[in-house]
Amino acid sequence: MPCRAIFIIDADPVSRTWLYEAVAAKKSIPIQPFPSVEAIFAEYDMRERGIILMDMNLTHAPAMELLRIVNAEPERFEVIVIDGQPCVEIAVDAMKFGAIDYLVKPVDEIRLFGAIENAVARLQV
């Protein structure tokens, strides 16, 4: 089943807008930006399939909770974690809970789109 949307979760409006515009310029998949994990829970039906680009500068607990939920049903979502303050411990935790990649801000577009292509391919299987 194909990827239905790309969800961008980032509390920083500048970063969220940059990610949105960068992805929209190269992908025809619908993109939905959210300012927080709580907002995606409130506004989105988590039964759809998609890719989540999630900033870990969000409060750590809600971000890890989203990863736990996504990890419970790995066929629905692929998560790419983005972090403005890289931390090995957070990267390891994110990968343990199902993130498929960990990118550091400022995000390199080649790595970003490589990670997105990998996520799309995994959702096609």
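**Entry 1: I116**

I began with I116 and listed its contacts (heavy atoms within 4.5 Å), leaving aside neighbours within four places in sequence: I6, V23, K27, I51, L53 and I80. The model I was reading is a predicted one, where local features need pLDDT of at least 70, side-chain atom pairs count only at pLDDT 80 or more, and totals for chains, interfaces and linings use all residues. Residues are numbered from 1 along each chain as its sequence is written, and side-chain values use heavy atoms, with hydrogens and water left out.

I then looked up where I116 sits, and found it in helix α5, residues 109-124. Helices here are DSSP runs of H or I with at least four residues, strands are runs of E with at least two, and both are numbered from the N terminus. Is I116 buried or exposed? I116 has 0% relative accessibility, so it counts as buried; the cut-offs are under 20% relative accessible area for buried, over 50% for exposed and partly exposed in between, with a 1.4 Å probe and protein chains only. I also checked I116 against E78: the two are 38 residues apart in sequence, and their C-alpha atoms are 9.0 Å apart.

**Entry 2: K27**

I located K27 in the loop between α1 (13-26) and β2 (31-34). Its relative accessible area is 18%, and therefore K27 is buried. Not counting residues up to four places away in sequence, K27 touches F113, I116 and E117.

**Entry 3: the fold as a whole**

I counted the secondary structure next: the protein has five helices and five strands. Along the sequence I read the pattern β-α-β-α-β-α-β-α-β-α.

For size, I noted that the C-alpha atoms fill a box of roughly 35 × 30 × 25 Å along the principal axes. Why does the radius of gyration agree with a compact globule? It agrees because a compact globule of 125 residues would have a value near 14 Å, and the protein has 13 Å. The radius is taken over C-alpha atoms, and the globule rule is 2.2 Å times the number of residues to the power 0.38.

Of the 125 residues, I found 48% buried. Among contacts with a separation of 6 or more, 67% join residues 24 or more positions apart.

**Entry 4: the cores**

I looked for nonpolar cores, meaning sets of buried Ala, Val, Leu, Ile, Met, Phe, Trp, Tyr and Cys residues joined through side-chain atoms within 4.5 Å. The largest has 24 residues, and F7, I9, I52, M54, V79 and V81 have the most contacts inside it. Elements that give two or more residues to this core include β1 (5-9), β3 (50-55), α3 (60-72) and β4 (77-83). The largest share, five residues, comes from α3. I noted another core apart from this one, with 21 residues, among them I82, I100, L112 and L123.

**Entry 5: two loops**

In the loop between β5 and α5 I found P106. The peptide bond from K105 to P106 is cis, with omega near -5°. I set beside this that most peptide bonds are trans.

In the loop between α3 and β4 I looked up E73. Its relative accessibility is 35%, so E73 counts as partly exposed.
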